[in-house]
Amino acid sequence: MRLAAVIDATVTIPGLKELAMYRSSASIPFGGRYRLIDFALSNIVNSNLNSVGIFASQQSVSLMDHIGSGKSWDLDRRKNGLYFLPTSQREGDHLSVGSFEALEEHLNFFHKITQPYVMVTSTFCISQIDYNDMLEKHLASGADITEAVCDEACMKAYILSKELLMQMIKNFREERVVSVEDIVNLKKKPYTFAQYEYEGYFALINSMESYFNESQALLSKEVWLRLFLPDRPIYTKVKDEPPTKYMKGSDVKRSLVANGSLLKGQVTDSILSRAVSIGKNSKLEKCIIMQKCVIEEGCDLLYVIADKDVHIKAGSIIHGTKEKPVVIRKGSVVSEGDAV
């Protein structure tokens, strides 16, 4: 294999700060069962790449817990495999992909890998891109750097030679550039550039609005089938949990429900992660409820994003809007008097 992968998980997404207060943006839940980084890792595995470096910021405990040794992606290997490369970068340090300051801290990774080309990508762009096909187009173009685009939108994925990348890391301070993305955006001389046109499913998750809208879009069968392809599965951390229990009186319509939950109320047009409990006579519509949330009896939730371990007390009424859903922070307890 001629291509190694670099996942830049140091990038801060200001628009997702409400979900990234206690975790990195890369480990934000998406689609009920997954984290954002799962889609980048799955594209890499489905493209048969077996050398992967994940460059992570200081706020990476949840990310390390999720990825572990990489076993769920078949990357726990004696040769090549997954390298988790924590950096000294803090929240807010980097806003563009392929930070030279972060990559510089682990130059040994680039000396160690044998592949002559490197793919640098983010964790907040979701797609089913084939990096082998992108590499072939890159080689045919003769360009120094190839950028993936979809309908003219940048997909935050770049291919270049390992030799060129190491040269850029060495010289980035005197050249006054901060990242691979920065060089591409500036069309920095003397480098040459090409674009790879991708035509499949693509979603850019860079704000609460895009997070909510792209999550809701998964409830469409057409969108779901474009992202979850039979021959290119999306892998995630394996958790052995029982099936969800739908109790008498429950009513679930047009929703995604992960396993391990207990449902007694009504759920419509919503996404529920693992081990969620919905009480009797509670009503949820257009909501995203993350892992291990408890919603007691008689609650009414509309346009709500509840982060992990949220506990909503009986009788609470919480209504947001499509343009501005209510976000409840991880571990919060909401009582009837706190409801909005």
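# Notebook: rings, pocket, cavities, backbone

I began with a charge over a ring: the charged end of lysine 187 sits over the ring of phenylalanine 193, at 5.5 Å from the ring centre. I note here that the model is a predicted one.

**Entry 1. Overall form.** I looked up the fold elements next. The protein chain has nine helices and 27 strands. I then checked the radius of gyration. A compact globule of 340 residues would come out near 20 Å, and the protein chain has 21 Å, so the two agree. The C-alpha trace spans about 65 × 40 × 40 Å along its principal axes. I also looked at burial. Of the 340 residues in the protein chain, 53% are buried.

**Entry 2. Aromatic pairs.** I asked how many aromatic pairs the structure holds. The count is twelve. I took phenylalanine 100 and phenylalanine 172 to start. Their ring centres are 5.8 Å apart and their planes stand at 35°, so I logged the pair as tilted.

I moved on to phenylalanine 212 and tyrosine 303. The ring centres of phenylalanine 212 and tyrosine 303 lie 5.7 Å apart with planes at 50°, so this pair is tilted. Phenylalanine 212 sits in helix H8 (residues 208-217), and tyrosine 303 in the loop between strand E22 (300-302) and strand E23 (304-306), so the pair ties together parts 91 residues apart in sequence. Are these two residues buried or exposed? Buried means under 20% relative accessible area. Phenylalanine 212 has 2% relative accessibility, so I count phenylalanine 212 as buried. Tyrosine 303 has a relative accessible area of 16%, so tyrosine 303 is buried.

I also found a cluster of rings. Ring pairs link Phe30, Tyr34, Phe39, Tyr211, Trp224 and Phe228.

**Entry 3. Largest pocket.** I looked up the volume of the largest pocket, which is about 260 Å³. The lining is made of 18 residues, and those closest to the pocket centre are Arg35, His66, Lys239, Gln291 and Lys308. Which elements supply at least two residues each to this lining? They are strand E3 (34-35) and helix H2 (61-67). H2 gives the largest share, three residues. By type, I listed nine charged, six polar and three nonpolar residues in the lining of the largest pocket.

**Entry 4. Cavities.** The structure holds two cavities of 30 Å³ or more.

The largest cavity holds about 60 Å³ of space. Its lining residues include Ala40, Asn43, Cys125, Tyr131, Met155 and Phe202. Helix H1 (36-46), strand E7 (125-127) and strand E9 (153-161) each give at least two residues to the lining of the largest cavity. E7 has the largest share, with three residues. I sorted the lining of the largest cavity into eight nonpolar, four polar and no charged residues.

The second largest cavity holds about 40 Å³. Among the residues that line the second largest cavity are Phe30 and Tyr211. Phe30 and Tyr211 are also members of the ring cluster. Other lining residues include Pro29, Ser215, Ile271 and Met290. Strand E2 (29-30) and H8 are the elements that give two or more residues to the lining of the second largest cavity. I sorted that lining into six nonpolar, four polar and no charged residues.

**Entry 5. Backbone checks.** Most residues other than glycine have a negative phi, and most peptide bonds are trans. I looked for departures.

Which two residues does a cis peptide bond join? The bond joins lysine 189 and proline 190, with omega about 10°. Proline 190 lies in the loop between helix H7 (180-186) and strand E10 (193-197).

I next logged aspartate 269, a residue other than glycine with a positive phi, near 50°. Aspartate 269 lies in the loop between strand E16 (266-268) and strand E17 (271-272). Its relative accessibility is 12%, so aspartate 269 counts as buried.

Tyrosine 303 came up again. Phi of tyrosine 303 is near 55°, a positive value in a residue other than glycine. I had already placed tyrosine 303 in the loop between E22 and E23, where its ring pairs with that of phenylalanine 212.

Note on methods. Residues numbered from 1 in each chain as written. Predicted model: local features only at pLDDT ≥ 70, side-chain atom pairs only at ≥ 80, totals over all residues. Heavy atoms only, no water. Phe/Tyr/Trp six-rings, centres within 6.5 Å; stacked < 30°, edge-to-face > 60°. Helix = DSSP H or I, 4+ residues; strand = E, 2+ residues; numbered from the N terminus. Buried < 20%, exposed > 50% of the residue type's maximum accessible area, 1.4 Å probe, protein only. Lys NZ or Arg CZ within 6 Å of the ring centre and 35° of its normal. 1 Å grid on protein atoms, 1.4 Å probe; cavity = no way out; pocket = protein on both sides within 12 Å on 5 of 7 lines; lining within 4 Å. Points joined across faces, edges and corners; volume = space filled by probe spheres on them. Nonpolar A, V, L, I, M, F, W, Y, C, P; charged D, E, K, R; others polar. Rg over C-alpha atoms; globule rule 2.2 N^0.38 Å.
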